[in-house]
Amino acid sequence: MLGGLGKLAAEGLAHRAEHATEGAVHMAEEVVKEVVKEVVEHAKDAGEKAIANVVKAAKETEEKAIKEVTNTVTNTIMHATEGLNKLGQQ
């Protein structure tokens, strides 16, 4: 009779251990989900910041190039005008 009682107690402990393990696994899964979610959010933020920096740098480069071209064209026109004025004064 004690052997059957011991077996029953062992089965009960095994059943409880199984449920405790399932609970621990579920908790671990939730923790992992939260960690992954947080990592993805940080990666997304970092990516958005990197893209914003690249766009900003591209705009600055574009503005600089436009300014240089405008200055070059303006200088060319001024020199041409000066040259035509000198020809007209002769």
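Where is Ala 17 found? Ala 17 is found in helix α1. The model is predicted. The protein chain holds one helix and zero strands. That helix, α1, covers residues 2-89. Buried residues make up 0% of the chain's 90 residues.

**Overall form**

- The C-alpha trace spans about 135 × 10 × 5 Å along the principal axes of the protein chain.
- The radius of gyration of the protein chain is 39 Å, whereas a compact globule of 90 residues would have one near 12 Å.
- The protein chain exposes about 8200 Å². Carbon and sulfur atoms supply 66% of that area.

**Spacing along the helix**

- Ala 17 and Asn 53 are separated by 36 residues in sequence, and their C-alpha atoms lie 53 Å apart.
- Between Glu 30 and Glu 63 there are 49 Å from C-alpha to C-alpha, for a sequence separation of 33 residues.
- For Lys 49 and Val 69, the C-alpha distance is 30 Å and the sequence separation is 20 residues.

**Charges and the salt bridge**

- The protein chain carries 11 positive and 15 negative side chains. The centres of these two sets lie 5 Å apart.
- Side chains of opposite charge can pair when their charged atoms come close.
- How many salt bridges does the structure hold? The structure holds one.
- The salt bridge joins the side chains of Lys 33 and Glu 30, at 3.7 Å from N to O. This pair qualifies because the cut-off for a salt bridge is within 4 Å.
- Both partners, Lys 33 and Glu 30, sit in helix α1. They are three residues apart, about one turn of the helix.
- Lys 33 counts as exposed because its relative accessibility is 52%, and the cut-off for exposed is over 50%.
- Glu 30 counts as partly exposed, because its relative accessible area is 34%.

**Surface patches**

- A negative surface patch is formed by five residues: Glu 34, Glu 38, Glu 41, Asp 45 and Glu 48.
- Glu 41 is partly exposed, because its relative accessibility is 42%.
- Which residues form the nonpolar patch on the surface? They are Val 31, Val 35 and Val 39. Together these valines have about 260 Å² of accessible area.

- Ala 17 is partly exposed, because its relative accessible area of 41% falls between the cut-offs of 20% for buried and 50% for exposed.
- Is Lys 49 buried or exposed? Lys 49 is exposed, because its relative accessible area is 59%. Lys 49 also lies in helix α1.

**In brief**

- The predicted chain has one helix and zero strands.
- Its radius of gyration is 39 Å, and buried residues make up 0% of the chain.
- Lys 33 and Glu 30 meet in a salt bridge, and the structure holds one such bridge.
- The surface carries a negative patch that includes Glu 41 and Asp 45, as well as a nonpolar patch that includes Val 39.

Key: Residues numbered from 1 in each chain as written. Predicted model: local features only at pLDDT ≥ 70, side-chain atom pairs only at ≥ 80, totals over all residues. Heavy atoms only, no water. Patch = residues over 30% accessible without salt bridge, like charges linked within 9 Å, V, L, I, M, F, W, Y side chains within 5 Å. Areas by Shrake-Rupley, 256 points an atom, 1.4 Å probe, with all protein chains shown as cover. Helix = DSSP H or I, 4+ residues; strand = E, 2+ residues; numbered from the N terminus. Rg over C-alpha atoms; globule rule 2.2 N^0.38 Å. Buried < 20%, exposed > 50% of the residue type's maximum accessible area, 1.4 Å probe, protein only. Lys, Arg positive; Asp, Glu negative; His and termini not counted. Charge placed at Lys NZ, Arg CZ, Asp CG, Glu CD.
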